[in-house]
Amino acid sequence: MKPSKLVIATYNRHKLGEIQRILHAHLPSIDITQISCAADYDLPQPREDGISFMQNALLKARAITRALGIPALADDSGICVDVLGGAPGIFSARWAGAHGDDAANLDLLLAQLADVPQQYRQANFTCCAALVFPDGREFTELGTIEGTLRYERAGKDGFGYDPIFQPLGMQQTLAEISAEAKNQISHRAAAFAKIAPIIGRELAN
C-alpha cells in the first residue's frame, strides 16, 4: 500500500473512527484519503513500555515514522481513578491482563471499586496526542475530562470504560451520549483539538 501523507498509529478501529471524526470537526477541508491507519500496513505493533501517556504516544508515533518515512499521529490514553492512586492509568487497556479486552477490564475495575462510596469515586480520562515527523520534529498535547464512576454499566455507545464514566455536570455516561456529543467534550477531543492546526498545515503542503 502506498503511504499517505499522515498515518494514525493505531490498530484499534473504534479509536480510529473517533480520531477521524475529531480531526474532521477541526479540519473540515482536509482530504481524509490523505490519512491512513497503521492497521493498513504490515507492521508489527510496538511494545508500549513507556511509563507515561506521553512516552507511549511518542514511541508509537516514532515506530510508524521510522517504518514508513512519513509523519505519524498517535495517542495514548486511559482512565485514572483517584482512590486507586491514578490507576489503571497507562495500564487501562490491559488492566485485566489481555490487551484490549474491554469487557474484562471494565469488570475488574467495577469489582475493585464495588465497596467504594460514591463520594470517593472521582476519576478522569487523560489522553496524550503525539505527532512525529521524519525530520525529527515532535509535538505532544494533553487533554483530560473529569468525572465520577458508576456502579454499573449504562449505555451502549462508546467503548472501553465509557459505560461507567459520568462526566462532571452530566447525568449520562459517555456511552449514553452520541459520538458527536462525546467528541466535543472528551479527553481525546481536547488533545487532538490542540494538535489539529499542526496537522492541517502538514496536509495543506
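Helix 5 has 18 residues and spans 26 Å from its first C-alpha to its last, close to the 26 Å expected at 1.5 Å a residue. That expected span is 1.5 Å times one less than the number of residues. Helices (H or I, at least four residues) and strands (E, at least two) are DSSP runs, numbered from the N terminus.

Before going on, a word on the source: this is a predicted model, in which local features need pLDDT of at least 70 and side-chain atom pairs count only at pLDDT 80 or more, while totals for chains, interfaces and linings use all residues. Residues are numbered from 1 along each chain as its sequence is written, and side-chain values use heavy atoms, with hydrogens and water left out.

Where does helix 5 bend? The bend is at Ile195, by about 45 degrees, and a proline, Pro197, follows within four residues. The angle is taken between axes fitted to the seven residues ending at a position and the seven starting there.

Among the buried residues of helix 5 are Phe192, Ile195, Ile199 and Leu203. Buried means under 20% relative accessible area, exposed over 50%, and partly exposed in between (1.4 Å probe, protein chains only).

Now the core. A nonpolar core is a set of buried Ala, Val, Leu, Ile, Met, Phe, Trp, Tyr and Cys residues joined through side-chain atoms within 4.5 Å. The largest one here has 23 residues, and Leu23, Leu73, Leu131, Phe192, Ile195 and Ile199 touch the most other members. Strand 1 (6-8), helix 1 (13-26), strand 2 (35-37), strand 4 (122-132) and helix 5 (187-204) each supply at least two of its residues. Helix 5 gives the most, with eight.

Take Leu23: beyond its neighbours within four places in sequence, Leu23 is in contact (heavy atoms within 4.5 Å) with Ile8, Ile35, Leu73, Phe192 and Ile199. Another core lies apart from this one, with 17 residues, among them Tyr41, Ala57, Leu58 and Ile90.

Last, Asp76, in strand 3 (residues 72-81). An unreviewed UniProt entry annotates Asp76 as "active site"; such annotations may be inferred rather than shown by experiment. Is Asp76 buried or exposed? Asp76 is buried, because its relative accessible area is 4%. Outside four places in sequence, its contacts include Ala57, Ile90 and Thr126. The side chains of Asp76 and Asn56 are joined by a polar contact of 3.5 Å.

Technical notes: A polar contact is a pair of N or O atoms within 3.5 Å; within protein, one must be able to donate a hydrogen and the other to accept it, and residues adjacent in sequence count only if both atoms are side-chain atoms.
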